[in-house]
Amino acid sequence: MRPAAIGLAVGAVVGAGVAAASRGPTLVEWPGRVRTAFPFVLGGLVGAGTGIVLGSCASAMQLARGRAPSLGVPIASGALLGVSSAAVAVGRHRLLDRMTTEGRGLDPAFAQGPIETGASGSAGSLIPASSLGREGARFVGTMTTAEDIRTVTGLEPITSPVRIFVGVESAPTVPERVALAMAELRRTGAFDRAHLLIEAPAGSGYANATPVDVLEILTRGDVASVAIGYGLLPSFLSLGRVDLAAETQLRLLEAITTELAGRMHRPRLLLYGESLGAKVQQAAIPAGLADLDRFEIAAALWVGTPGGVVADAFHRRCASASIRVDRPEQIPVPLPAVRPRVWFLEHDGDPVVRFRPEVFRARPDWLPADGTRGRNIPDGMTWKPGITWAQALVDTMFATNIKPGDFKSLGHDYRADLGAVATSAFGLTADAAVAERLEERLRFLEVQRAERIAEKGESS
């Protein structure tokens, strides 16, 4: 029997087995077509790979014995690999160009910059609105108002909040971006506020406004927030920028610490990072609690941190002063006398948190052999070498399914949790009635943002 035929036969059997084994529950829902195609695609890839490898090995063994091998499989596979690599390179280049252009462009509703002088991109700002990027313009263009504060708290604002954002194109280098952020913080009087939130955005520059809304409303405006972008591409395409982003966060923390050293008044410093932003902020302070002490951080909230050995080690370095919750209902009532300083909000069933390379060959702790499962991890989901890894990888692609105002506590969507968790993590107060009105207002604000984003320009 020819080597090519042997390889194809064995590959077909292996591929069929993988396809059959890959049908089963996953952490999040997939689109119907993806669910249908996944077993065939995975089985086909594994089967084809097996066939190529076995066929090539058999050909090599024939050659070693002095027999003329069939070179069809090696030649065909090499040609296919070359053509595929070239096609992927061209496609990736075009995709990156398109996404970069989209990330740079501003929505018509946010193109003119905010009217509030305490926001970057406003008339008095040192940062042109055009340099903020799409996500930065959205962040500074949706500050809460006095009406939001009165509606939730029933009280008058103390002052107007401050929102600072420096886009990756606002200045060419990290030191220059940090210098711009510091200049904006001074210009707006941010260091005179009771609270200063430092947020690490995601790869595209996306800075979740919901935890900032919580702070602005419950502190009655007595808060400033600052974020510095480091890219324009989605997080899954920005992993190569984590070091640059971490350097940005570190330099910003150092600059703020230096600034506050000579001031009589010191705001409470708070940290917030979500998804890749959480990974970035943790990378900037790898010593955990020791670094929080060094920068005198009052509290940190990290949401949906991408999983892995680095994240696990960081959790351990914060263990003595941290709490991890899957949902607000897990917040201890009352809180311990010594309030947790570090808060990890991580869903049991968030594939971004649960996915890691080790799942390929080792059973993860979230799928124990005894069948116990965390919230939103299907009872019927079991670990299968290689297959579970592939399923979890696809899960990450569909982990966030957002409808504005329809808050979910599911997968990588944490909007339904942030009101209560941010309130507790940042040491704010809200009785049951205020908390209920806050949740309603957060949903209202998100729908309002979505409507503004959907607005078309006059030329449309």
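Predicted model: local features only at pLDDT ≥ 70, side-chain atom pairs only at ≥ 80, totals over all residues.
Reader: Thanks! So is V212 buried or exposed?
Author: V212 has a relative accessible area of 2%, so this residue is buried.

Reader: And which helix is V212 in?
Author: V212 sits in helix α7, which covers residues 210-218.

Reader: Which residues does V212 touch, leaving out those up to four places away in sequence?
Author: With those set aside, V212 is in contact with F139, R163, L197, E199 and S225.

Reader: Nice. Zooming out, how many helices and strands are there in the chain?
Author: The chain has 15 helices and seven strands. It runs to 460 residues, and 50% of them are buried.

Reader: What about the accessible surface of the chain?
Author: That comes to about 21,100 Å², with 60% belonging to carbon and sulfur atoms.

Reader: Switching to packing: at what angle do α5 and α15 pack?
Author: Helix α5 (residues 146-153) and helix α15 (residues 432-454) pack at about 145 degrees, and their axes are 8 Å apart.

Reader: Which residues make the contact?
Author: From α5 you have E147, D148, T151, V152 and T153, and from α15 there are V434, R437, L438, R441 and L445.

Reader: How do those residues split by class?
Author: The contact of α5 with α15 has four nonpolar, four charged and two polar residues.

Technical notes. Residues numbered from 1 in each chain as written. Heavy atoms only, no water. Helix = DSSP H or I, 4+ residues; strand = E, 2+ residues; numbered from the N terminus. Buried < 20%, exposed > 50% of the residue type's maximum accessible area, 1.4 Å probe, protein only. Contact = heavy atoms within 4.5 Å. Areas by Shrake-Rupley, 256 points an atom, 1.4 Å probe, with all protein chains shown as cover. Axes fitted to C-alpha atoms, helices over the stretch in contact; angles between N-to-C directions. Nonpolar A, V, L, I, M, F, W, Y, C, P; charged D, E, K, R; others polar.
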